[in-house]
Amino acid sequence: MENYKYVSPAEAVKLVKSGDTIVVQGSTSIPTVLLKALTERAPELRDVKLISGFGVEKEDAPYAKKELIDSFRALSIFVPNNLRNAMREGVADTIPCFLGEVPSLFRSGLIPVDVTFLNVSEPDEDGYCSYGVSADIAFSGAECSKTIIAQVNKYMPRTFGDPVIHVSKISAMCRGDVPLVEVPTPVPSPIETKIGNYIAAEIPDGATIQIGVGGIPNAVINALRDHQHLGLHTEAITDGVLPLIEKGIIDNSQKKILPGKSVGSLILGSRNLYDYVDGNRDFVIRDVAWTNDPQIIRQNPKAMSINSAIEVDLTGQICADSIGETVISGVGGQHDFFYGSALSEGGKCFLALTSMTNKGKSKIVPRLAPGAGVVTTRFQAQYIVTEHGIAFLRNLPLADRAKALIQIADPSVREELERAAVERFGLGFLRLK
């Protein structure tokens, strides 16, 4: 360690100039030491853009403040939790795009990148640092940057695949030994467990799964414990998959792409998960342009995409990134994995949601809320799953889709939805009753 030159965070961020665009590493490894040091330079900087992907942090981003708006512009590809308040206040903004396409925006120059902030492991004996839990957009950001500034963190696990960088490529390094944020594993509710059981019953042995984050994905994982020879090719690797890996249920033996390896683009969960992947060659972490490429995903037979949504309308349009006009996340990889799984031999796409919100509002609606974003189109919708069953939409006309979706809506709103369907589809719907 003493062979490498470390500078203070304040010294490291002096390399940032007014007008620069910075890509900020995400997942649970946001380089907070660098961001705080950069924020302290606000009086001497103007129009510095910071681009974030998916990320989880304990505090709001220090640079995304109204009083700093002339110095910094906070942008995101997938709104991280540390920018949500800034989004509501109009201080931050988001760039709508598929997560898997972000690297091409950097590499093509459509989004010019000047600097990348990384949070990396300590160098190994050959001088290589690992990006650890976050390759996603950080890998391509660093590839396209003139300047790479790294926060070297003893708590960062060493992972294998794309996210490795030699110290000779790093423009400035500072110490930043900050424990990674831990994301609790949600305990599925009885309703979520029911949804998980429906989905698991549709997943065959030998399938390769992509699974999201939250109670329903964990309910699906719990319901897969009698399956065999599953594979993992996903965007986010979470604690939920560890029991399936430890019991040999996920053995990756029937995958065509990187057989024998669990594949992801980012990792988020507990310290136990970070320790489990540390130095573990059974895991491969790759650039999100690769993990989320539908033409890669489709090569695994029986690819299963399992995602969630905020609401679904009667034609199968899926909103997963906003509550009305309020953007709370992003497209992420939902579209990428839906498309790739649909092209896979024997593949299936599941969209899971509870039928009602916590406030008693139906998530199956006549029309999406004004301003809501369509993350996945009705042309791609396949299996829509609630605690009341499964609606398979792929081969159905619009009126038939409405009928199938009403049947899995909460019973208390079905009559209201039927009236909306009659108004919208007329005789086309009435003939189905």
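Author: First, a term: a strand is a DSSP run of E with at least two residues, numbered from the N terminus. Also, keep in mind that this model is predicted.

Reader: Okay, so which strand gives the most to the lining of the largest cavity?
Author: That's β11, with three residues. Among the residues lining this cavity are Thr208, Ile209 and Gln210, and β11 covers 208-211. Strand β17 (303-308) and helix α12 (334-343) each give two or more residues as well.

Reader: What makes a space like that a cavity and not a pocket?
Author: In a cavity a 1.4 Å probe fits but cannot get out, whereas a pocket is open. The largest cavity holds about 50 Å³ of space.

Reader: How do you know which residues in its lining are polar, and how many are charged?
Author: Asp, Glu, Lys and Arg count as charged, and Gly is among the polar ones. By those classes the lining of the largest cavity has five nonpolar, five polar and no charged residues.

Reader: Why are α6 and α7 called oblique to each other?
Author: Their angle is about 50°, with the axes 7 Å apart. Roughly parallel needs an angle under 35 degrees and roughly perpendicular needs 65 to 115, so α6 and α7 come out as oblique.

Reader: And what is the handedness of the crossing?
Author: Helix α6 passes α7 in a right-handed crossing. Residues making the contact include Ile195 and Ile199 of α6 and Ile216 and Val220 of α7.

Key
Residues numbered from 1 in each chain as written. Predicted model: local features only at pLDDT ≥ 70, side-chain atom pairs only at ≥ 80, totals over all residues. Heavy atoms only, no water. Axes fitted to C-alpha atoms, helices over the stretch in contact; angles between N-to-C directions. Helix = DSSP H or I, 4+ residues; strand = E, 2+ residues; numbered from the N terminus. Parallel < 35°, antiparallel > 145°, perpendicular 65-115°, else oblique. Left-handed = near helix turned anticlockwise from the far one by under 90°. Contact = heavy atoms within 4.5 Å. 1 Å grid on protein atoms, 1.4 Å probe; cavity = no way out; pocket = protein on both sides within 12 Å on 5 of 7 lines; lining within 4 Å. Points joined across faces, edges and corners; volume = space filled by probe spheres on them.
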